[in-house]
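Please keep the viewer open as you read.

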Amino acid sequence: MSNNLSSVRTVALIGLVLLLAHPLRAQGAADTPESTIRQLVRAMYAADGASFTKLTLADPRIHLLTTGGSVNADGLRELDEDPTGVQIIPKRPFQYRGAAAKPGPAGKFPTGTTAVYVVAHHRSPLVMVLQREADGWKVDPRWWLSMVEMAQSQSGPKEGTAEYAARGLIATMIAMDKAEALRFATPGTSGDALFLGAPSQREPSGQLDALAMEMPIVELKPGEFRRL
């Protein structure tokens with residue numbers, strides 16, 4: 001498996017590495033995803049690591065995103081001049097335990113509900129995955145952390161690891177190689193089921209092959225559900 005991380009380095013190191021600087025006024029996670037997103041964008045521009053950490057799900061690696069950056073004065077000025085300039089586009093309906101989520105009697109979604117948005121503010125768009133916690137909506141930083149770790153890695157995933165198997169399965173499915181794909185699947189997996197709905201021929205540009213190596217991979221937590 002090849003290791004092409006140039007695109008990952010570019011994406012991961014732009015806008016995600018922050019400096020623990022002067023904190024903004026105290027902010028807690030809000031009860032709508034949009035409010036949390038707007039607060040997080042401001043924290044990123046302000047290099048406010050404390051607010052960034054408060055607005056994201058807890059992760060021991062969060063320092064990878066909150067050290068080494070600097071304040072983006074232009075971005076802060078643009079936010080002040082046009083608070084509505086942040087584009088927040090939902091990418092899928094809310095989900096709870098892998099199924100469609102429904103708000104409760106008070107209009108609040110249950111804890112554990114997830115949402116996905118594409119966010120842009122006069123710059124390249126950024127995907128944000130959010131999860132509702134007891135104290136409000138938080139942004140899940142695991143995909144960003146995975147990109148940073150990949151950019152810092154000197155080699156690709158090691159053979160025999162879960163990441164190696166995941167990337168191998170995806171790469172061989174993109175290559176339409178059923179026999180090779182089964183090497184990365186659990187014993188007894190049906191190749192026909194694995195390739196159900198596949199196109200008649202592989203995508204010719206090679207872009208998907210590159211993405212199989214460059215995309216961030218996140219390990220699910222115990223009790224976490226994601227619909228494939």
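This is a predicted model: local features need pLDDT of at least 70, side-chain atom pairs count only at pLDDT 80 or more; totals for chains, interfaces and linings use all residues.

Two strands count as paired if DSSP finds at least two bridges between them.

Five strands form an open sheet, and their order is β2-β1-β3-β4-β5 with antiparallel pairing. At the edges sit β2 (99-100) and β5 (136-140), each of which pairs on one side only. Strands of a sheet pair through backbone hydrogen bonds, either parallel or antiparallel.

Let us look at the β5 end. Strand β4 covers residues 126-133, and five bridges join it, antiparallel, to β5. One of the bridge pairs is L130 with V139, the latter in β5. The two strands form a hairpin, with two residues between β4 and β5. How much of β5 is covered? Five of its five residues are buried, so β5 is mostly covered by the criterion of under 20% relative accessible area.

**Helices across the sheet**

Which helices lie across β4 and β5? One is α2 (residues 33-45), which also lies across β1 (87-96) and β3 (114-120). Another is α6 (residues 142-152), which lies across β4 and β5. The table gives the angle that each helix makes with β4.

| Helix | Residues | Angle to β4 |
|---|---|---|
| α2 | 33-45 | about 125° |
| α6 | 142-152 | about 135° |

Helix α6 is mostly covered, with eight of its eleven residues buried. The buried residues of α6 are R142, W144, L145, S146, M147, V148, M150 and A151.

**Where α2 meets α5**

Two packed helices are described by the angle between their axes and the distance between the axes. For α2 and helix α5 (residues 73-81), the axes come within 8 Å and cross at roughly 145°. The crossing of α2 past α5 is left-handed. On the α2 side the contact involves V41, R42 and Y45, and these meet G75, L76, L79 and D80 of α5. Sorted by class, this contact of α2 with α5 holds four nonpolar residues, one polar residue and two charged residues.

**A residue in β3**

Back in the sheet, T114 lies in strand β3. Is T114 buried or exposed? The relative accessible area of T114 is 6%, which means that T114 is buried, since the cut-off is under 20%. Leaving aside residues up to four places away in sequence, T114 touches R92, P93, F94, Q95, L130, Q131, W137 and R226. With R92 there is also a polar contact, made side chain to side chain at 2.8 Å. Among the other residues touched by T114 is L130, the bridge partner of V139 in β5.

**Two positive phi angles**

Most residues other than glycine have a negative phi, and most peptide bonds are trans. Against that background, A47 is worth a visit: its phi is positive, about 55°, although it is not a glycine. A47 sits in the loop between α2 and α3 (49-54). The relative accessible area of A47 is 0%, so this residue is buried.

M176 is not a glycine either, and has a positive phi of about 60°. The loop that holds M176 runs between α7 (162-174) and α8 (178-182). How accessible is M176? Its relative accessibility is 29%, so M176 counts as partly exposed.

Terms used:
Residues are numbered from 1 along each chain as its sequence is written. Side-chain values use heavy atoms; hydrogens and water are left out. Helices (H or I, at least four residues) and strands (E, at least two) are DSSP runs, numbered from the N terminus. Contact means heavy atoms within 4.5 Å. Axes are lines fitted to C-alpha atoms, for helices over the stretch in contact, and angles run from 0 to 180 degrees between N-to-C directions. A crossing is left-handed if the near helix is turned anticlockwise from the far one by less than a right angle, and right-handed if clockwise. Ala, Val, Leu, Ile, Met, Phe, Trp, Tyr, Cys and Pro count as nonpolar, Asp, Glu, Lys and Arg as charged, and the others, Gly among them, as polar. Buried means under 20% relative accessible area, exposed over 50%, partly exposed in between (1.4 Å probe, protein chains only). A polar contact is a pair of N or O atoms within 3.5 Å; within protein, one must be able to donate a hydrogen and the other to accept it, and residues adjacent in sequence count only if both atoms are side-chain atoms.
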